[in-house]
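Subject: Structure handover

Hello,

Here is the structure I promised to pass on. Please open it next to this message; my notes follow below.

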Amino acid sequence: MLGKFKDSVKEFSENVKSTVAEKELDEETLDPLLEELRLKLLQNNVSLEASEAIEEELRSQLLGEKVKRGSAEEKVNDAVKETLLKLLDDGFDFEAELSDIEEPPVVFMVGFNGSGKTTTAAKLAQKLDRNSREVVLGAGDTFRAASIEQLEEHGEKLGVEVISHEYESDPAAVAYDAVEHAEKEDKTALIDTAGRSHADENLMDELEKMIRINDPDVTFLVVDALSGNDVLEQAEAYEGMFDAVIVTKMDIDENGGAIISISERSGKPVAYIGTGQGYEDIEDFDKEKFVEEILD
Ligand SMILES: Nc1nc2c(ncn2[C@@H]2O[C@H](COP(=O)(O)OP(=O)(O)O)[C@@H](O)[C@H]2O)c(=O)[nH]1
Ligand SMILES: [Mg+2]
């Protein structure tokens, strides 16, 4: 995880070290190095926007700084670290959010196909259940083949009730029933939805209707770390509809760029990262730890 990104930053700081020895960092020295860092960031799936923001921030921190041989690497690492920490939001305390809600809470999972919504809903169901918060799952993906069975299988394994209707039925009605069940039994409703993109206008309208009718307290946008620059398209497609992001498949991502790009674009916190296919494989996002891992 994150190996390639780490190498890029190392290479940048080593370049600074070898080029400047003891002199002041001027534009002539810094520009080509920053340019090179930017290219490396892009290769690591950091968006152009985010790469430029990082570059600008580093420029303003480093320009005019005197860098002695031997301390350059540390100086640059500190600057990159500071820049990334500034760009990333502090985490999102999901369970504290839920505790603030009086009615049985309603939580929506939205995102593109294959991003990990259904799997993450199951992981969250287990997490909440363990912390004495009973959950009902709503099979709101009535569109994709096998999606209802997939959720029901999770429900069975976890001992969590799943509310479902037939395929092609109105997902807003499924969510409504799940919410009603949650109200009756004092549970938290976790509503799965069908993956969709800008191109699927009907599905997008349907999702808007689902949200309008069921008024979720928390909506997670689930994105896949491997989707690279596509995370921007995802942030855009769901703009204004989500409160926090969950980035899945961090166990098989080498770059770490998706977290940086989506944070920069959406301005929303990353609540959790997915680190595998098992129910346990979900972690609170810790930006300090993430940045340490990139730079260490
Ligand atoms: N390695 C890994 N695989 C994941 C993770 N999250 C989800 N997956 C897998 O990604 C695939 C798609 O997940 P699914 O939940 O069906 O996505 P959905 O279409 O958004 O509901 C499944 O094979 C999951 O097991 C993760 O954090 N790491
Ligand atoms: Mg699904």
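What covers the buried residues of α8? The cover includes the strands β1 (106-110), β2 (135-140), β3 (161-163) and β4 (188-193), together with α9 (201-214). Keep in mind that this is a predicted model.

**Helix α8**

The residues under that cover are Pro-171, Ala-172, Val-174, Ala-175, Ala-178, Val-179, His-181 and Ala-182. The length of the helix checks out. With 15 residues (171-185) at 1.5 Å a residue, α8 should span 21 Å, and its end C-alpha atoms are 21 Å apart. At the start of α8, Asp-170 places a side-chain oxygen within 2.9 Å of the backbone nitrogen of Ala-172. Just past the other end, Asp-186 has a positive phi of about 55°.

**Helix α6**

Helix α6 covers residues 117-130. Its 14 residues reach 20 Å from first C-alpha to last, close to the 20 Å expected. Of these 14 residues, 10 are buried, so α6 is largely enclosed by the rest of the structure. The buried set includes Lys-117, Lys-123 and Gln-126, along with Leu-124 and Leu-128. Ser-132 follows α6 and also has a positive phi, near 60°.

**Domains**

Across the boundary, 20 residues of domain 1 are in contact with 19 residues of domain 2. The area buried between the two domains is about 1,900 Å². Carbon and sulfur atoms give 57% of it. On the domain 1 side, Asn-45, Glu-49 and Leu-85 supply 31% of the area buried against domain 2, more than any other three residues.

**Cores**

The largest nonpolar core has 64 residues. Leu-58, Tyr-238, Ile-259, Ile-260 and Phe-290 have the most contacts inside it. Helix α4 (residues 72-87) gives the most to this core, with six residues. Where does the core sit relative to the domains? Domain 1 and domain 2 both give residues to it, so it lies between them.

Beyond its neighbours within four places in sequence, Ile-260 is in contact with Phe-5, Val-46, Ala-50, Ile-54, Leu-84, Leu-87, Leu-88, Phe-290 and Ile-294. Another core, of 28 residues, lies apart from the largest one. Among its members are Met-109, Leu-158, Val-162 and Tyr-279.

Best wishes

Terms used: Residues are numbered from 1 along each chain as its sequence is written. Chains are lettered from A and ligands numbered from 1 in the order in which they are written. This is a predicted model: local features need pLDDT of at least 70, side-chain atom pairs count only at pLDDT 80 or more; totals for chains, interfaces and linings use all residues. Side-chain values use heavy atoms; hydrogens and water are left out. Helices (H or I, at least four residues) and strands (E, at least two) are DSSP runs, numbered from the N terminus. The expected span of a helix is 1.5 Å times one less than its number of residues. Buried means under 20% relative accessible area, exposed over 50%, partly exposed in between (1.4 Å probe, protein chains only). Contact means heavy atoms within 4.5 Å. A polar contact is a pair of N or O atoms within 3.5 Å; within protein, one must be able to donate a hydrogen and the other to accept it, and residues adjacent in sequence count only if both atoms are side-chain atoms. A nonpolar core is a set of buried Ala, Val, Leu, Ile, Met, Phe, Trp, Tyr and Cys residues joined through side-chain atoms within 4.5 Å. Domain bounds come from an automatic or database domain assignment. Buried area is the accessible area (1.4 Å probe) that two parts lose on being put together, summed over both.
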